Amino acid sequence: MKNSHFKYVGKRIPRIDGPEKVTGELKYMTDYQFENMVWGKVLRSSFPYARIKHIDTSRAEALAGVLAVLTHKDIPGFNGFGIVVPDQPVLASDVVRCTGDAIALVAAETQEIAEHALSLIHVDYEPLTPITDAEFAMTDRAPFLHESGNIHSHVTIKNGDTEKAFSEADIILENTFYSPRQMHAFIETEGGWGVLEPDGMLTIRCPGQYAYRDRLQIARALALNPARIRVISNPIGGAFGGKDEITVQIYLALLALHTDGRPVKIHLSREESVIAGIKRHPFKVQMKTAARKDGTIIANQVRAVADTGAYASLGGAVIALAIEHCCGPYKIPNVDLEGFCVYTNNGISGAFRGFGVNQVCAAIETHMDMLAEKLNLDPIELRKKNVYQKGDTSSIGHVLKTSVGTLQTLETAEKCELWKNRALHKKDISEPWKKRGIGLATSFHAVGMGIGLPDYGAATLELMQDGTFKVGVGCEDIGGGNGTVYAQIAAELLNCSISSISVVQGDTSETIDSGTVTASRSTYTGGKAIAAAVPNMIRLLTEAAAEIHGVMPENVLMGDDELYALKEDGEKTVTYKDIFHYLYEKHRPTKVEGHFMLPKEQEEFKGSGGAPHHLYGYLTHIVLVEVDTMTGETDVLRVVSIPDAGKVLNPQGLEGQAEGGAVMGIGYTLYEDVLMEAGYHKTTNFTNYILPTIRETPIIETFPVDSAEETGPFGAKGIGEVVMIPIIAAITNAIYDAAGIRIKHLPATPERIFAALKEQEASTPVNLNE
Amino acid sequence: MKTIDFCVNGKNVSVICSPAKTLLDVLREDAGLTGSKECCGKGECGSCTVLLNDVPVCSCLVLAGQVEGERVVTVEGIGTKQAMDPVQQAFVDEGATQCGYCTPGLIVASRAYLTSIGHVPGLDEIKRALGGNLCRCTGYTKILQAVQTAAARQLSSREL
Ligand code: FES
Ligand code: FES
């Protein structure tokens, strides 16, 4: 497919919401202020694990300016939420399992009064010893944090005979890897507002990643018909998975029932967001990999343990995806893989860009680098030897039926300047005590939800009074720019100007259910749904034009932004505005729908928790680093990102994802970690959580490989997550290339690198002959 | 409570509030200017950046009492959708905004920086100037490009 056939698809179309964002005119949910507004606040637990003996709210209730103080007793419906299992109480009643647990809600005239009221609520706790180690949580000695035990989920995938393969191997590597508790650190903390409308509708405006599911979770807690709740979840000041689960929606809904129709607003401080918000699961990954001398990998054995903290959220799905992806995009004939998702009292972990694949990719791609070195093979050659292609069988044993771009990404990597000239780049140090190195890694990430979960897209297309079109897709724009891509697709297919397209997203009253914005799925799924709606719109327009001019529909042709009716006395132009008025006067609908089911694999691997997926995106990263041997500090200087995202619908948007993902990956690998001690957060805010700034931004180049996935909209797949995955191991491999140390415990902080350098020094024998 | 008079985006305003209220809250809650965002409230992120007598400051660290009689410019005063500043136009053209929550602060900081120089800055110069503004979405690459593009356009329009 050549771009030149298209007016919008494949073009660098600037974001349609750009102007309102750069001028500050766009109103986020947390921006709204009203004369009669009241403030909501949440009382969080003082202990990571305790029994609640008694809650006394009487003093808070008596405070002037307080409108409501709510506890678990005030929940009309089910006191729990959670995307998969609703194991998290909305308001804790008898036990708290993490310091993020909410116990009471307050609504008051001002923020100050609300805060004062919180301090007047007395909770009588019986503190218990928190469980802070996931391995310990799995033993018999650990008390159960939930009735079902501490292992939330256990997934396994087995294929071939690993024992036999290990006994026949020429080389075996065995290592344990640890990964950090990364914070999403979206710039807009959780917040929004809710109001009980005069007609009895409850409106909740709160950034989220799936308005329809948020609405169901609210309805369940309030025992209210979901049809009486409207959730508006767009726009969003960043999410990355961190707003996939309920944040403050249910609190807003509960409070709104008690404020006499006055709007109630909650906006978490950064400090509260750190404590209450979900994080990336810290993993322990034990991996044993076997290969033959020629570089053929013959076996991989993995045991991964994910710390999901106090509640499951999407932890079960995270560990399942990790296990599905832990052998990389390779065909390893013998695998024995298992993963555990375990409850502890360490905050809460949940969805985060990459969804478990980051943690396991770091392990397999470090092993690939070690194998290449030990077998004296080129790291790209070694990978090329083991990658699967479309039609091949993957390590987990399924035949790949959709496009696979790994080989192309590796070939592009081989040819790129940074890789070809790596010997030169290595020598080019900035100080004598600094060392440079170049590392590479490749990975993949599933697109869509996998087996067992509904996965459909739906879109509406409406002809408006002024002759423009409104595209409605449930999927929110969490920053990635899917709204612009939706407009491009609609304009392309309707053959109209993109300025005639407006897009509405994330509003249960204005859009139909189109699933979540997760799993890199929204471009693919929403795009296909729009493509399905367009023929319905064209039919509607054509038929109306035919009626207007009394011709057969086949005598109506589409032009640019208008239609032509072919009549005996010549062509008659019909504008979309004319059609709207014609239909409006006849009280006929001007809105159509399009629906799309994501193709799925037929058979699930038993015990795998949803594997395999049908569609994957692929990516190879190359990085250049410089390690300061005096301080242990690492700078990433250059990044080359080579994605296979299928057909690129908007190169500017794709680069934006690749650049943002790379920098987030740098933060994850080098400094980000929410530190916890005995169940309490030692990391409290951005003063002690180090995020990459513009100063740390390397030169980032993006070279998408030319590929098209037949099933995708215009051949597209998805990109949102894979962009931050291989870079992790690419950086640690580059650190090894520079300084000869293997970092298996992330983040690779200066302290860890310095310690590793010292250890290396101590263990290197001094050669007296030199 | 105290009456505080100051000038914001060229207009004189008068608000009644506690002198210890932050300028950011005054702008957002009392002046109805919600372009400036709160992200950390501690001077760490720059999303609340405004100009105080032409100097970029974190408005979450400035108290209302300190702006009595002073001049404040927020992102709304830099340009509007109908009449964008070259910096804003360049951010749109280069794709330098994603979720957009950090963007107003970056626009204000970039505008102040470009006003203070008369050349197309190198990457290291921009990195120094914008080191206090966090963005979690973009990876900053397109922000660097946007600032250079705006500088080049600004320069060529001055030369005309
Ligand atoms: S909110 Fe002012 S610097 Fe972050
Ligand atoms: S665009 Fe989202 S934080 Fe910068």
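The points below take up the contact between the chains, then the domains of each chain, and then some side-chain pairs.

1. The model is a predicted one, and every value in this note should be read with that in mind. Between chain A and chain B about 4200 Å² is buried, and carbon and sulfur atoms give 57% of that area. On the side of chain A, the residues that lose the most area to chain B are Val22(A), Ile187(A) and Ile694(A), which together make up 20% of what that side buries. The contact draws on 56 residues from chain A and 47 residues from chain B.

2. As for polar links across the chains, the interface of chain A and chain B holds 28 residue pairs in polar contact, with both residues of a pair at pLDDT 80 or more. Three helices of chain A, α1 (18–22), α8 (270–276) and α18 (651–670), each supply at least two residues of the side that touches chain B. The largest share of that side comes from α18(A), with 8 residues. By residue class, the side of chain A that touches chain B divides into 21 nonpolar, 21 polar and 14 charged residues.

3. Between chain A and chain B the count of salt bridges is 6. A pair that can be checked directly is Lys142(B) with Glu659(A), a salt bridge in which the closest N and O atoms are 3.2 Å apart.

4. Turning to the domains of chain A, the assignment gives domain 1 as 3–25 + 456–597, domain 2 as 32–128 + 190–267, and domain 3 as 283–450 + 604–762. The C-alpha centres of domain 1 and domain 2 of chain A lie 38 Å apart, and 17 residues of domain 1 are in contact with 18 residues of domain 2. These two domains of chain A bury about 1400 Å² between them, with 48% of it on carbon and sulfur atoms. Within domain 1 of chain A, Glu476(A), Ile478(A) and Thr508(A) lose the most area to domain 2, and together they account for 42% of what that side buries.

5. How many salt bridges are there between domain 1 of chain A and domain 2 of chain A? The count is 1 salt bridge, and it stands beside 11 residue pairs in polar contact between these two domains, both residues being at pLDDT 80 or more. The side of domain 1 of chain A that touches domain 2 of chain A divides into 4 nonpolar, 8 polar and 5 charged residues. Elsewhere in the list of pairs for chain A, Asp507(A) forms a salt bridge with Arg230(A), and their closest N and O atoms are 2.7 Å apart.

6. Chain B is assigned two domains, domain 1 (2–77) and domain 2 (86–159). Their C-alpha centres lie 22 Å apart, and the contact takes 13 residues from domain 1 of chain B and 12 residues from domain 2 of chain B. About 970 Å² is buried between domain 1 and domain 2 of chain B, of which carbon and sulfur atoms give 67%. In domain 1 of chain B, Lys37(B), Thr49(B) and Val75(B) lose the most area to domain 2, together 42% of what that side buries.

7. Across the interface of the two domains of chain B the rule finds 0 salt bridges, while the count of residue pairs in polar contact, both at pLDDT 80 or more, is 3. Strand β3 (residues 49–52) of chain B gives the most to the side of domain 1 that touches domain 2, with 3 residues. That side of domain 1 of chain B divides into 5 nonpolar, 5 polar and 3 charged residues.

8. Over all chains, the salt bridges come to 46 by this rule. In one of them the side chains of Glu655(A) and Arg12(A) meet at 2.9 Å, N to O. This pair links distant parts of the chain, with Glu655(A) in helix α18 and Arg12(A) in the segment before α1, 643 residues apart.

9. The structure also holds 14 aromatic pairs over all chains. The rings of Tyr388(A) and Tyr618(A) form an edge-to-face pair, because their planes are at 80°, with the centres 6.2 Å apart. Tyr388(A) lies in the loop between α11 (379–386) and α12 (406–415) of chain A, and Tyr618(A) in strand β24 (residues 616–628) of chain A, so that the pair links distant parts of the chain, 230 residues apart.

Note on methods
Residues are numbered from 1 along each chain as its sequence is written. Chains are lettered from A and ligands numbered from 1 in the order in which they are written. This is a predicted model: local features need pLDDT of at least 70, side-chain atom pairs count only at pLDDT 80 or more; totals for chains, interfaces and linings use all residues. Side-chain values use heavy atoms; hydrogens and water are left out. Contact means heavy atoms within 4.5 Å. Buried area is the accessible area (1.4 Å probe) that two parts lose on being put together, summed over both. A salt bridge is a side-chain nitrogen of Lys or Arg within 4 Å of a carboxyl oxygen of Asp or Glu. A polar contact is a pair of N or O atoms within 3.5 Å; within protein, one must be able to donate a hydrogen and the other to accept it, and residues adjacent in sequence count only if both atoms are side-chain atoms. Helices (H or I, at least four residues) and strands (E, at least two) are DSSP runs, numbered from the N terminus. Ala, Val, Leu, Ile, Met, Phe, Trp, Tyr, Cys and Pro count as nonpolar, Asp, Glu, Lys and Arg as charged, and the others, Gly among them, as polar. Domain bounds come from an automatic or database domain assignment. Rings of Phe, Tyr and Trp (its six-membered ring) pair if their centres lie within 6.5 Å; planes under 30 degrees apart count as stacked, over 60 as edge-to-face and the rest as tilted.
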